[in-house]
Amino acid sequence: MTKPPKPKPLLQDADKPVRSRPRKPRNPAQPNLPLDPMPDRVDPCLALLKPKPPKGPQWAFEVKWDGYRLAVHIAPSGVRILTRGGHDWTGRFPAIAAEARRLPVATAILDGEAVVFDEQGRSDFGRLQQSLGGRGGKNASREAVFMAFDLLYFDGHDLMRTEFTARRHLLEGLVPPGGEEAIRLSEEIEADGDVLFRIVCDHGLEGIIAKDRNTTYRSGRLGDWLKIKCIQSDGFLIVGYEKSAASFGGIGRLLLAARKGGKLVYVGGVGTGFNERSAAELREQMDKLIIGKPAVDTGRKRNAVYVHPELVAEIEYRAWTHDGKLRHASYKGLREPQDNVAVAAI
């Protein structure tokens with residue numbers, strides 16, 4: 001019977017320990033693994049308004065949050081929280097900044113929305129503004145929660161050229177679902193878009209967001225992300241108000257304008273949605289901007305005070321009339337200049 005061959009020792013000598021080859025010094029001309037520079041800020045991807053949810057397996061759905069769009073930048077040098085317009089609001093969201101420092105990552109840019117929830121767990125834009133001291137206020141909000149819905153930069157690598165599915169996978173590893181901290185995951189909801197939209201509206205939420213799973217992250221309103229609202233809302237310029245002794249702040253109705261082509265046009269007024277505090281703050285802001293003649297043709301108005309078109313009001317409305325006026329409008333609050341909010345175009 002033939003004997004099996006004797007195995008050869010790894011180093012030809014069974015009595016000597018196994019060793020790897022000696023390391024050669026690195027050639028300084030050989031580049032290291034490249035890392036992408038971390039951008040100072042990123043113009044956000046914006047959702048395009050659509051009347052109904054899209055169809056197809058490439059669409060992922062989330063709840064639409066009603067707050068301030070923010071980017072949280074995490075680096076060894078510290079955390080920065082930037083508004084949509086690029087303003088540094090780190091000091092105004094201390095709980096979010098503290099939670100960002102605890103995330104298990106060296107460098108990252110998270111895209112999301114700062115919100116304050118009401119008793120039913122719905123995001124409430126008015127409460128967020130109040131927690132910050134109202135429009136133009138300087139308070140720090142400790143109630144605000146950052147709902148993270150995208151990851152643009154992660155541990156030295158730019159993810160904006162990566163498809164949404166991969167970015168989402170990395171985000172879920174960094175911010176796990178179900179958390180109760182100041183940074184939480186905006187969860188993807190597996191459901192038919194029409195069914196989800198109906199449920200969201202029945203629960204009094206603002207609407208849903210649909211995102212194309214196969215797209216990279218592109219700044220601007222290009223249709224990669226869509227928003228479908230239960231109740232329509234937009235930003236409108238305040239061009240004046242009608243005085244009323246019986247109303248909060250003496251404001252009977254706000255006079256509003258939108259953009260049409262290259263000019264402003266009057267789109268009607270709003271006389272509901274105010275409380276004593278919001279009306280007082282609004283009146284204080286408007287009285288600093290009073291002008292003699294209206295910036296747009298509002299028609300004949302009794303007891304009207306006209307203001308420079310600078311303040312942007314977030315207005316909910318049900319529809320438009322045949323002559324281009326808002327129907328069933330309600331005031332939600334003033335938008336901050338730092339939020340870089342777009343004025344409605346018609």
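Some ground rules come first. Residue numbers start from 1 along each chain as its sequence is written, and side-chain values rest on heavy atoms, with hydrogens and water left out. As this is a predicted model, local features need pLDDT of at least 70 and side-chain atom pairs count only at pLDDT 80 or more, while totals for chains, interfaces and linings use all residues.

Let's start with the whole protein. There are five helices and 19 strands in it; helices (H or I, at least four residues) and strands (E, at least two) are DSSP runs, numbered from the N terminus. Of its 346 residues, 46% are buried, where buried means under 20% relative accessible area, with a 1.4 Å probe and protein chains only. Take the contacts (heavy atoms within 4.5 Å) with a separation of 6 or more: 67% of them join residues 24 or more positions apart.

Among the protein's elements, strand β6 (residues 145–154) has the highest confidence, at 98, and strand β17 (residues 319–320) the lowest, at a mean of 82. Over residues 7–12, pLDDT stays under 50, and the model has five contacts beyond four places in sequence for that stretch.

Now for the open spaces. On a 1 Å grid over the protein atoms alone, a pocket is an open set of points with protein on both sides within 12 Å along at least five of seven lines, a cavity is a set where a 1.4 Å probe fits but cannot get out, and lining residues have an atom within 4 Å of a point. Grid points are joined across faces, edges and corners, and a volume is the space filled by probe spheres set on the points.

The largest pocket has a volume of about 730 Å³. It is lined by 34 residues, with Ala47, Lys64, Arg84, Arg221 and Lys227 the closest to its centre. Strands that each give at least two residues to this lining include β2 (59–63), β3 (68–75) and β11 (232–243). By type, the lining of the largest pocket has 16 nonpolar, three polar and 15 charged residues; Ala, Val, Leu, Ile, Met, Phe, Trp, Tyr, Cys and Pro count as nonpolar, Asp, Glu, Lys and Arg as charged, and the others, Gly among them, as polar.

The second largest pocket holds about 380 Å³ of space. Asp66, Ser123, Gly204, Glu206 and Glu316 lie closest to its centre, out of 17 lining residues. Five of the lining residues of the second largest pocket are nonpolar, four polar and eight charged.

Of the 15 residues that line it, Val42, Pro44, Leu70, Ala71 and Thr83 lie nearest its centre. β3 and β4 are the elements that give two or more residues to this lining, and β3 has the largest share, with four.

Finally, look at the loop between β4 (78–83) and α1 (94–102), where Thr90 sits. Why does Thr90 count as buried? Because its relative accessibility is 15%. A polar atom of the Thr90 side chain lies 2.9 Å from the backbone nitrogen of Ile81. Leaving aside residues up to four places away in sequence, Thr90 touches Val79, Arg80, Ile81 and Ala97. Ala97 is one of the buried residues of α1, which pack against β3, β4, β5 (108–115), β6 and β8 (183–185).

How values were computed:
pLDDT = per-residue confidence, 0-100. Buried < 20%, exposed > 50% of the residue type's maximum accessible area, 1.4 Å probe, protein only. Polar contact = N/O pair within 3.5 Å; in protein donor to acceptor, adjacent residues only side chain to side chain.
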